[in-house]
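Please keep the sequence and the model in view while reading.

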2 protein chains.
Amino acid sequence: MQILNRRVFSLRPPFLRSHAAFYTAKAYATASSQQTHCSVTESQKREAFRQTVVNTLERRLFYIPSFKIYGGVTGLYDYGPPGCAVKANVLALWRQHFVLEENMLEVDCPCVTPELVLKASGHVEKFTDLMVKDEKTGTCYRADHLIKDYCRDNLEKDPNLSAEKKAELTRVLAVLDDLSVHELGVMIKNYGITAPDTKNALSDPYPFNLMFQTSIGPSGSIPGYLRPETAQGIFVNFKDLYYYNGNKLPFAAAQIGQAFRNEISPRQGLLRVREFTLAEIEHFVDPDDKSHPKFSEVSELEPFMFSREDQVFGRPANKISIGELISKGIVNNETLGYFIGRVYLFLTRLGIDESRLRFRQHLGNEMAHYAADCWDAEIESSYGWIECVGIADRSAFDLQAHTEKSGVPLVAYEKFTEPRIVEKLVITLDKRELGLAFKGDQKMVVEALEEMDENEAMIMKVTLEAMGEADLHVFALDKVVVIKKNMVSISKEKKKEHQRVFTPSVIEPSFGIGRILYCLYEHSFYTRPSKDGDEQLNVFRFPPLVAPIKCAVFPIVQNQHYNETAERISKSLTALGISYKIDTTAEFSHYAGTSIGKRYARTDELGVPLAITVDSLSSVTVRERDSKQQIRVYVDEVASVVKEMIEGVSTWTDLLGRYPNPSS
Amino acid sequence: MQILNRRVFSLRPPFLRSHAAFYTAKAYATASSQQTHCSVTESQKREAFRQTVVNTLERRLFYIPSFKIYGGVTGLYDYGPPGCAVKANVLALWRQHFVLEENMLEVDCPCVTPELVLKASGHVEKFTDLMVKDEKTGTCYRADHLIKDYCRDNLEKDPNLSAEKKAELTRVLAVLDDLSVHELGVMIKNYGITAPDTKNALSDPYPFNLMFQTSIGPSGSIPGYLRPETAQGIFVNFKDLYYYNGNKLPFAAAQIGQAFRNEISPRQGLLRVREFTLAEIEHFVDPDDKSHPKFSEVSELEPFMFSREDQVFGRPANKISIGELISKGIVNNETLGYFIGRVYLFLTRLGIDESRLRFRQHLGNEMAHYAADCWDAEIESSYGWIECVGIADRSAFDLQAHTEKSGVPLVAYEKFTEPRIVEKLVITLDKRELGLAFKGDQKMVVEALEEMDENEAMIMKVTLEAMGEADLHVFALDKVVVIKKNMVSISKEKKKEHQRVFTPSVIEPSFGIGRILYCLYEHSFYTRPSKDGDEQLNVFRFPPLVAPIKCAVFPIVQNQHYNETAERISKSLTALGISYKIDTTAEFSHYAGTSIGKRYARTDELGVPLAITVDSLSSVTVRERDSKQQIRVYVDEVASVVKEMIEGVSTWTDLLGRYPNPSS
């Protein structure tokens, strides 16, 4: 697979940023390279599969294009009832798996954010994509998208393309994310790319900030944005959260909430949207000790790992234990490894196919300069590999940025049990002598002297003692000046210290909930022929935990007694907190046989794990979605049997052993 | 109590609107009238109580002013760890109590909303407050706030105020919300009100739209807003949701999400904020049948009800059963009554004191013209009575508005089992004759004829038959014209109809989650003296369901064995899904007595219901927060005992009977 660099400054874990761009590029690259390897049929099959899934999702209201009756708005989607329930279940599991089990501090901050905060984080300056405009109509396009489309179209549709041209376009696709604004502009001109809809000329590319802008308060004097991520709300609260945690490290804070990105031209349906739910964790840790007390609990897990080295040498991702990754130094530290393990457990518990889940390490040039190591949980879908969780060791960058801009020190303290004697370098300047020697340049020289690190100062000390003078490169003046012995004295002094003050490192697992949901839909979906074989029926094999509705209740015929029994069962399900759907569709009552089959098909399509058919007044048939096997259970017992299986206390196999099977 | 009208067009249930304004006015009015009755001490006591609660909430991070390190932004708050947990618990209960138990269709729509949708709903035109500007600095103020402050200040601080002036200012406070823009402007001029901070002159008042504005997409061509409520997302999806529900009425849809209001000058801390969480239900029902199948389940509940009549005649709210309210016609219909009952059960289950909860009916002039009936759940706090839930029968208004603007009919169908024969009025016009008679006015005359309702048409028919001609008032022409027999024929014809097409009514319970939380904090808070009586300790008496953390674990001394036992207990709590806080503060280990007391105090202040003190390796002490009573439980059993009580399976009294009490 071709590895791409990322053009845009990595502000945040990738999918919060140009990441989507990065992914798209990769996906296209993968797709086009695949098309040279695999038959067109393979790509068409993927496309057809996606269409079936998406049609089912839309028809059953897992999601709905927002404001549809007004023509909709690109990149905005509603979750309809089953989608909303699946999302709530996934978030509940996230809270249980991360917040509760790890004793994290959950916070909830506003979406509306003043500009100051996002200036400090770098978003105001750098959270951009490059855009071009149709010079006549003003319609906007992403510059890289147009070039990508141009290359793909030519590669796919022009049979007379020379080998040379083919190689060139393939190379362009590979390096697209590394090109500068200027280079993109030149490329658009050279290839004669015009606006897709009108064929009009295009403007030069220029950066467009992806944040939705607004204004806080009535006077318009406080510029604000909708947050592009939830993480900043945690960073600005670090001081209070550290105090709340008893001034102890490590600890993690978490937040679930909406984030916003005003995409230039959203594509890829649910994967690239303008408003989305993020679940983010900021785990604060002493940079000198990134071990994790619970590391042993994940060390034997073996997810597919796609290390930097594997990528560079063109090797595939491979299964390797997290313990080994740490001992070999492939993953930077235990805490990062621990979260890779926890993310793996979370995703597979949801129903993500572990053979289509990999952790891909960022290449050196994908990572921001300050990042220690980053791994993305990528899930394979019909669009290719989708980054769904970013797990990054961002070192002290975020806390330092906010310390600097706010003036509030976001630091941690390590109190020593005994005070420690440390040697400190002391540089004493004779300002009068420096003034006489350097006059107007004095300020810059003084700054250069004060900014010397320990090593530089020790060299100067030795030089001054040996030679009586030493050279000093003053960058601000762009010249070398001569420092004399009478101008500065450098010494080491012993000092008592009672504590160590430091900026914690932060390890950030960041979950794109919408992307996880979409991949989960694809991994859970399958079709099977109907009983009489004349149509394909759709099924979502959601685990009970995730299923939007846990159980269906069908009276087999429309009859007061059966309806009353169904009602009684419904009440006991509600009392146990189990969501259900009751279907008393009257029109099928004459054709009991067909009717039940059709009703099963309707609930299978929603991924409902169990269906209760009320076919007598004392006992009922319980049918499992995937095996289609059935058991008979007494009416009074059925709600608790459903609960047992939904909560994972018993498996279907357990139940099959305990209850009679009517068809056997 | 003085009853006020509301100035601003009631777009939505009150607290989504100027409502806050309405409430504030009422609160002030109440407060000022109280000050003539009660001693100043009473008002000071309320203020002092509020300060203690708010200090505790801020110190323990129930909430935090957002972006505090940057100086904060008025009207934006973060929920810190305990606040976030309480909120999550309240929302989980809401989902259980409403969505699950009532089989509602939950949806999740974006915050970013295109202008078109909010034009249809009326928000673009009418979601405004009246604002004045400092003419020199441009600082903005709410016009009504300034007048309120002026009146209150004079009433409270001027001992020489004449009886006449007193009466005038009291009257102004009472009618403030009914005044027009012009009247407010005149009042500001007449009273010589200036900008509070600078004493500069003020501009005339003008309407300021309270929605945060933004722009969707890169070209700036799609104006958008942050939604001021979640309800519109449900209305625009009515057609799909009705289909999803098998084209059956009644059904309810629900949504939990963020809403935004760019307040001119937020006051009252957590009660008036610029971003808040709403939980809204839209229950769609046949306007001809607003009965509710589960009404009997609430009919015997007796909340405090404050009917229109009670308010008008100055009678206090009184306890009355919901059944009686319906049978006496005080509440408009069963469905509205059912929701009043369900809201009452929800709020009291959370821990709201039912003696400080009332349902207040809107007065005729508070309601929008289309509303059939509205009741607000108001909770008494140190600020006065706060509207926390609005329950409104909004008739067909919202669906009709979106039908009209989108062109998509948002209607329901009632299929008849047998086709029905109905008489329909048919008006046939002779356009030639009309044209000859009215020439240029013909169009307006034709429209007037076509718009006649059945009654008008029948009168014309009779008149034409009797007299040969009839008068017609054409409003568009502002004159009466004479219609002759040869111009129009009016008849009744029989038609077969297979179904009835109608716009459903919507009954909307709408919950301001932040306000409910704040009132819950006040109702749950109390203080009690410490053991040695030298300080007052704070306690939140949250029910276990709501408590942010369910249980604390304290090893009595710092010792490996005790710590290991505490760790074992923690693991079993996690396995049962119970949140806990472990406190192994080392510095107290030498003074075990004091230490435990202090640790209890710290967790009481977070409202943690149970504390487990690890004081032996085989059994532990479990202490209940409010009674401070203790029981001894075996280590292996303790997690399940905690779970029993947290989930309401056993009460503390049950446990006291079952386990030994060490202090007895």
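In chain A, helix H15 (residues 431-438) packs against helix H16 (residues 442-450) at an angle of about 130°, with the axes 9 Å apart. Helices here are DSSP runs of H or I with at least four residues, strands are E runs of at least two, and both are numbered from the N terminus. Axes are lines fitted to C-alpha atoms, for helices over the stretch in contact, and angles run from 0 to 180 degrees between N-to-C directions. H15(A) and H16(A) are therefore oblique to each other, a word for angles that are not under 35 degrees (roughly parallel), over 145 (roughly antiparallel) or 65 to 115 (roughly perpendicular).

Lys431(A), Leu434(A), Gly435(A) and Phe438(A) of H15(A) meet Gln442(A), Val445(A), Val446(A) and Leu449(A) of H16(A), contact meaning heavy atoms within 4.5 Å.

This is a predicted model, in which local features need pLDDT of at least 70 and side-chain atom pairs pLDDT 80 or more, while totals for chains, interfaces and linings use all residues. Residues are numbered from 1 along each chain as its sequence is written, chains are lettered from A and ligands numbered from 1 in the order in which they are written, and side-chain values use heavy atoms, leaving out hydrogens and water.

Over residues 52-529, chain A is 35% helix and 29% strand, and the end C-alpha atoms are 14 Å apart.

Chain A gives 79 residues to the contact and chain B gives 78 residues. The area buried between the two chains (accessible area, 1.4 Å probe, lost on being put together, summed over both) is about 6400 Å², with 64% from carbon and sulfur atoms. In chain A, Ile69(A), Tyr70(A) and Tyr244(A) lose the most area to chain B, together 13% of what that side buries.
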